[in-house]
Amino acid sequence: MTSLDEIPGNLLRKPSGEPENELERIPSDYKPLHSFRLDKDKPYKQQFADMYFLRLTKIKPAVEQLAFDAWEGKVIGDEPVKQADRVLDIRQGELCWVVGTVYMDMPLKPNILDDVSKDRWLSAPISNKKYYSEDGSDAVMLEDESGRVRLVGDVLNSVILVTGCIVAAMGTENSNGELEVIDLKFPDLPPQPDRWALNNPPATKGSIEEEKVKPKDEDTKMTDARSKGSGKKIAIVSGLGFSGSDASHAIELNLLLEYLLGESLDPAAQQELSQISRLIIAGNSISLEEREAIDEDMSEKKAHKKYGYDSSSYNAQPSQLLDEFLSTLLPTMPITLLPGAQDPANASYPQQSIHPAMFPYSRPYTAQPTSSEVGWFDTVTNPWEGEIEGWRVLGTGGQNVDDIFKYVGSDDRLGMMEAMCRWRCCAPTAPDTLWSYPFQDDDPFVMQTCPHLYFVGCQPEFGTKVIQGPDGQVVRLVAVPSFSATQEVVLIDTETLDVSKVKIVAV
């Protein structure tokens, strides 16, 4: 039997110059940690205040040690600095330092107690864009199990402070009972594990040489051990915003799909895309605008429902489009999916993984519930922690940074991410203004180990920087922009942790 390639003049045979070998996706070395997974039995009878006491108990020793090393034996104005064991032990006129939890008393911050005292069941409509007041009416408090004291001083204007962070404050009490702060100390970065602390590095058959890709405004270099790229990359995208009505955004999502699949690209670009070993989707895969429009259209019909529920108001098209998008990618690339504020998951932190039943086409790629293996399609929690290519990675869908943004007058999102690392807490405002499960035995938001890579999704714009700790810790911070707003995808080299972005443009 004669093959098509042997027929003279056949237009269906391969061109003579086309290579025989097909490109293969580089495999991903991946191990998720279930640091934020909740038990099936999740009672809500307990109080939220225990979380702050747990946080203070866990972080206080680190802050005390840093403060002791910096201030012990220090003399200011012929007066030695002393340690106060509790907030109530501060005495007027004595120079001392104390460790406690910051509480921000802000008039614009929602307060359920005000609603109860005014005999209201629902709070009045307020602007939730910012709690920060420019008129100086915000007050910074420091509290522990004994009491609370107000902090004042110019040093407070030079740092980011939000409810829930643990600090050491050094100063003296004035006649108004306030602590005039001279200096502050934070826990700083926690111990950082070595690379491949959980998994052994895979054996390599050979090295892949490539030119490092770095953003134009990023001049900071990682350590010498990361000076040479391996070829592997991680793609991170957030805010896909699938909806059933926006045709222009649907075109951009199709272009993103073609880009990740390597379709309609030249061989050189396909070779580069084959080095993407994993896609991470960091929150807000479903559009909220679609649901808001449906809610407005169905408001009158809902009013006549006995139990306030109308199944006809549910629009399954956005989740179906997301499922089709994932199922098209999954045969060629493993995917890690984090939920976001707009996704079908619980609203409180930590958000649990989106149930695989939401993805009938992609569900076969998930692991069995009783299996210890990791599925090709891994639906995870938000926040999420794991190890990718030996690097310890921490990522969120962006709610933690968005909530801190309301407390401060700055727009520096990377500065807020750095502050969280140095506070050793990835969600300090939970449970005050960031809804959270009331933990009783442990606070999972406390960073026990320092990540090598910390990314936050659904941010207004792309940004990256490298921060360093006192013991040689090096952390790459990445603010991942919302794709629906910017059409940008972030690529991270898994050997150097260098970062670049790709913009998908519909011509």
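Trainee: How far apart are the closest N and O atoms in the salt bridge that Glu-418 forms with Arg-422?

Mentor: This is a predicted model, in which local features need pLDDT of at least 70, side-chain atom pairs count only at pLDDT 80 or more, and totals for chains, interfaces and linings use all residues. Residues are numbered from 1 along each chain as its sequence is written, and side-chain values use heavy atoms, without hydrogens and water. A salt bridge requires a side-chain nitrogen of Lys or Arg within 4 Å of a carboxyl oxygen of Asp or Glu. For Glu-418 and Arg-422, the closest N and O atoms are separated by 3.0 Å.

Trainee: Which residues do salt bridges with shared partners join into one network?

Mentor: Glu-418 and Arg-422 lie four residues apart in helix H9, and therefore about one helical turn separates them. Shared partners extend this into one network of Asp-188, Glu-418, Arg-422 and Lys-465.

Trainee: Is Glu-418 buried or exposed?

Mentor: Buried means under 20% relative accessible area, exposed over 50%, and partly exposed in between (1.4 Å probe, protein chains only). The relative accessible area of Glu-418 is 18%, so this residue is buried.

Trainee: Where does the partner of Arg-55 in its salt bridge lie?

Mentor: The side chains of Arg-55 and Asp-443 meet at 2.7 Å, N to O. Arg-55 belongs to helix H1, 388 residues from Asp-443, and the pair links distant parts of the chain. Both Arg-55 and Asp-443 are buried. Helices (H or I, at least four residues) and strands (E, at least two) are DSSP runs numbered from the N terminus, and Asp-443 lies in the loop between H9 and strand E16 (453-459).

Trainee: At which residue does helix H1 bend?

Mentor: The bend is the angle between axes fitted to the seven residues ending at a residue and the seven starting there. In H1 (residues 49-71) the angle is about 40°, and Pro-61 follows within four residues of the bend, which is at Ile-59.

Trainee: Which element gives the most to the lining of the second largest pocket?

Mentor: A pocket is an open set of points on a 1 Å grid where a 1.4 Å probe fits, with protein on both sides within 12 Å along at least five of seven lines; lining residues have an atom within 4 Å of a point. The second largest pocket holds about 1100 Å³, and among the residues closest to its centre are Arg-37 and Ser-353. Strands E1 (30-33) and E13 (377-379) are the elements that each give two or more lining residues. With four residues, the element giving the most is E1.

Notes: Points joined across faces, edges and corners; volume = space filled by probe spheres on them.
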